Amino acid sequence: MNFSIALVPGDGIGPEVIAPATEILDAIGDIYGHVFHYVELEAGGKAIDSAGEPLPQETLEAAKQCDALLLGAVGGPRWETLPGHLRPERALLGLRSGLGVFANLRPAVLLPQLKDACPLKDEVLAASHPEGKPTFDLLIVRELTGGLYFGTRGRSEDGKTAFDTETYSWMEVERVLRAGYAAATVRRKKLCIVDKANVLESSRFWREVAAVVSKDYPDIETSYLYVDNCAMQLIRAPGQFDVIVTSNLFGDILSDEASVLTGSIGMLPSASLGSPQDPLAKNGHPMGMYEPIHGSAPDIAGQDRANPLATILSAAMMLRYSFGLEKEAHAVEAAVSAVLDAGLRTQDIARRTSTPGSEKIVGTKAMGAAVLKELSR
Ligand code: IPM
Ligand code: MG
């Protein structure tokens, strides 16, 4: 089959991590008989430099025409002093809302090869794991196009007060909850709604919606947790979680926390999905935007030091969710796993394995090349 991919390499390490991901996609195409056609687009700092704004209209319109979007990272110190509406991060928010990708799936899994990179002790991990194993496998579903990041914001006339607003409609809460339930159905059938319902009206509203929506999923065990408690539980007992569904703000914060438990933020992919019924959906598959959860890491940009695995794993999620290519997605994930088994490590995940000496520290290009070689075996 033929697929068109909007490619936004972006700033900092973005282009370095995108390059191996596209090589791997091309190899998948060769092996399984697909053609991936890339439409390279500018957004973020690069677009500010060339077009004077973080998300040019042409970029958004061109992305809408594609089957999915793969993004490296945007931002950097060069653009940090610009006013809010001109910052590179606006491009991310504009793409997310413009493409209608409201459900942000952020899996956090402790891979056996990277177990020693997790800062928690084995006994802490094992205590909360359903089978007493020192590991965890959870999925954060973050609402991505509403809430505080999109609510009314501003300053008072005298400049002495500032405000942001948390607003959620029934429809927005319902659709992200359903995305969470759909994920839980094919996982361990547990869904935890994280909010601050002891204080916030919007959180109490989430619970009202959940009370209705959860009736459609009698097989799934629904629970509720306040966000402050959840922040603590993630470190105390991560094994208790399967799927966490939460608001834009809380999901942003908790997913960074969860990434530390997996050893490195350089390992975590993400998928942001729209609805399969949306006009932008193609062939019954939702529009999707795929990106590593890490940023543009300007401190190591251009040095061949970035870990490309989060982006490669994001490309695997794209194969699965936007193209319906499960076998192909699995092949990429298995190749990544094999390369880690062989002891290859970028510096962010190095020197923390149980068998030091068996690992080999490599750069971005060599890591990408190793995954590619594994695929073609
Ligand atoms: C993320 C990032 C972004 C967000 C920033 C860069 C706007 O932190 O994807 O988690 O807050 O969503
Ligand atoms: Mg974040």
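## Basis

This is a predicted model, in which local features need pLDDT of at least 70, side-chain atom pairs count only at pLDDT 80 or more, and totals for chains, interfaces and linings use all residues. Residues are numbered from 1 along each chain as its sequence is written, chains are lettered from A and ligands numbered from 1 in the order in which they are written, and side-chain values use heavy atoms, without hydrogens and water.

## Shell around ligand 1

Glu89, Leu92, Arg96, Arg106, Arg142, Tyr149 and Asp252 surround ligand 1; a residue is near a molecule if one of its heavy atoms lies within 4 Å of it. Five of these shell residues are charged, two are nonpolar and none is polar, with Leu and Tyr counted as nonpolar and Asp, Glu and Arg as charged.

Helix α4 (residues 89-99) gives the most to the shell, three residues; helices are DSSP runs of H or I with at least four residues, numbered from the N terminus. Domain 1 (1-109 + 263-377) and domain 2 (119-261) each supply at least three shell residues, the domain bounds coming from an automatic or database assignment.

## Polar contacts and cover

A polar side-chain atom of Arg96 lies 2.6 Å from an oxygen atom of ligand 1. For Arg106 the corresponding distance is 2.8 Å, and for an N or O atom in the side chain of Arg142 it is 2.8 Å; a polar contact is a pair of N or O atoms within 3.5 Å. On its own, ligand 1 has 310 Å² of accessible area, of which the protein covers 75% (Shrake-Rupley method, 1.4 Å probe).

Methods
A polar contact is a pair of N or O atoms within 3.5 Å; within protein, one must be able to donate a hydrogen and the other to accept it, and residues adjacent in sequence count only if both atoms are side-chain atoms. Helices (H or I, at least four residues) and strands (E, at least two) are DSSP runs, numbered from the N terminus.
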